[in-house]
Amino acid sequence: MTSTADTAGMRLALDEAAKAAEHDDVPVGAVVLSRTGELLASCHNDREGTGDPTAHAEVLALRSAAVALGSWRLDGCTLFVTLEPCTMCAGAIVLARVARVVYGAVDPKAGAAGSLWDVLRDRRLNHRPEVVSGVLAQPCGDLLRAFFEGRRDLR
């Protein structure tokens with residue numbers, strides 16, 4: 001059962017994802033909320049704009065949230081992301097000590113939160129956030145499908 005707070009957080013992430021598509025980047029958005037629900041960061045993929053292969057929405061949001069908190073430890077924070085995190089992002093989430101990860105669309109080709117790998121719940125690691133999947137999965141997936149269909153049409 002999806003909570004109202006999780007749905008609201010994912011809607012913020014979806015708004016960010018739409019911004020990525022505006023500059024021809026894969027439409028993934030991420031937001032970080034503090035334990036009290038304060039918006040700490042709101043970011044979207046920016047690899048095309050920056051030329052940085054690590055400019056995934058999650059990594060950018062974690063960096064911004066750390067600046068906002070004044071600490072790399074994001075204890076008690078929740079990360080909302082429209083697409084299941086990849087291995088790079090999952091590793092960063094674990095290292096940042098994020099308390100919860102809420103994601104929308106499953107990524108069967110590169111997902112590291114239960115699809116292809118499960119880095120976030122790997123018992124060998126020193127931190128394991130709570131994971132909530134499938135929140136607003138349909139609109140998250142629809143945004144990605146429309147983006148890639150549009151790119152195929154350009155070929």
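Let me begin where the helix H1 ends: H1 is followed by Asp-24, whose phi is positive, near 65 degrees. When I say helix or strand, I mean DSSP runs, with helices being H or I runs of at least four residues and strands being E runs of at least two, numbered from the N terminus. This is a predicted model, in which local features need pLDDT of at least 70 and side-chain atom pairs count only at pLDDT 80 or more, while totals for chains, interfaces and linings use all residues. Residues are numbered from 1 along each chain as its sequence is written, and side-chain values use heavy atoms, with hydrogens and water left out.

Let me stay with Asp-24 for a moment. Most residues other than glycine have a negative phi. Asp-24, however, has a positive phi of about 65 degrees although it is not a glycine, and its place is in the loop between H1 and S1. With a relative accessibility of 42%, Asp-24 counts as partly exposed, where buried means under 20% relative accessible area, exposed means over 50%, and partly exposed is what lies in between, using a 1.4 Å probe and protein chains only.

Now to H1 itself, which covers residues 4–22. This helix has 19 residues and reaches 28 Å from its first C-alpha to its last, close to the 27 Å expected at 1.5 Å a residue, the expected span being 1.5 Å times one less than the number of residues. The buried residues in H1 are Asp-6, Thr-7, Gly-9, Met-10, Ala-13, Leu-14, Glu-16, Ala-17 and Ala-20.

The next helix I want to show is H3. Within H3, Ala-57, Glu-58, Val-59, Leu-60, Ala-61, Leu-62, Ala-65 and Ala-66 are buried, and what covers the buried residues of H3 includes the strands S1 (29–33), S2 (39–44) and S3 (78–83), together with H4. Just after H3, Gly-70 takes a positive phi of about 75 degrees.

So how do H3 and H4 pack, and at what angle? Helix H3, residues 57–69, and helix H4, residues 87–95, pack at an angle of about 20 degrees with their axes 9 Å apart, where axes are lines fitted to C-alpha atoms, for helices over the stretch in contact, and angles run from 0 to 180 degrees between N-to-C directions. That makes H3 roughly parallel to H4, given that angles under 35 degrees count as roughly parallel, over 145 as roughly antiparallel, 65 to 115 as roughly perpendicular and the rest as oblique. On the H3 side, Glu-58, Val-59 and Leu-62 meet Met-88, Cys-89, Ala-92 and Ile-93 in H4, with contact meaning heavy atoms within 4.5 Å. By class, this contact of H3 with H4 has six nonpolar, no polar and one charged residues, where Ala, Val, Leu, Ile, Met, Phe, Trp, Tyr, Cys and Pro count as nonpolar, Asp, Glu, Lys and Arg as charged, and the others, Gly among them, as polar.

Cys-89 lies in helix H4 and, at 0% relative accessibility, counts as buried. Not counting residues up to four places away in sequence, Cys-89 touches His-56, Glu-58 and Val-59.

That brings us to His-56, which lies in the loop between helix H2 (47–50) and H3. Is His-56 buried or exposed? His-56 is buried, with a relative accessible area of 15%, and, leaving aside its neighbours within four places in sequence, it is in contact with Asn-45, Arg-47, Cys-86, Met-88 and Cys-89.

Another cysteine, Cys-77, has its place in the loop between H3 and S3, and it is buried, with a relative accessible area of 1%. Apart from neighbours within four places in sequence, the contacts of Cys-77 include Val-32, Leu-33, Leu-40, Leu-69 and Val-98.

Finally, I turn to the loop between S5 and H5. Ser-133 is found there, between strand S5 (130–132) and helix H5 (137–154), and is partly exposed, with a relative accessible area of 44%. The C-alpha atoms of Ser-133 and Val-102, 31 residues apart along the chain, are separated by 5.9 Å. Leu-136 lies in that loop too, but it is buried, at a relative accessible area of 19%, and its phi is near 55 degrees, a positive value in a residue other than glycine.
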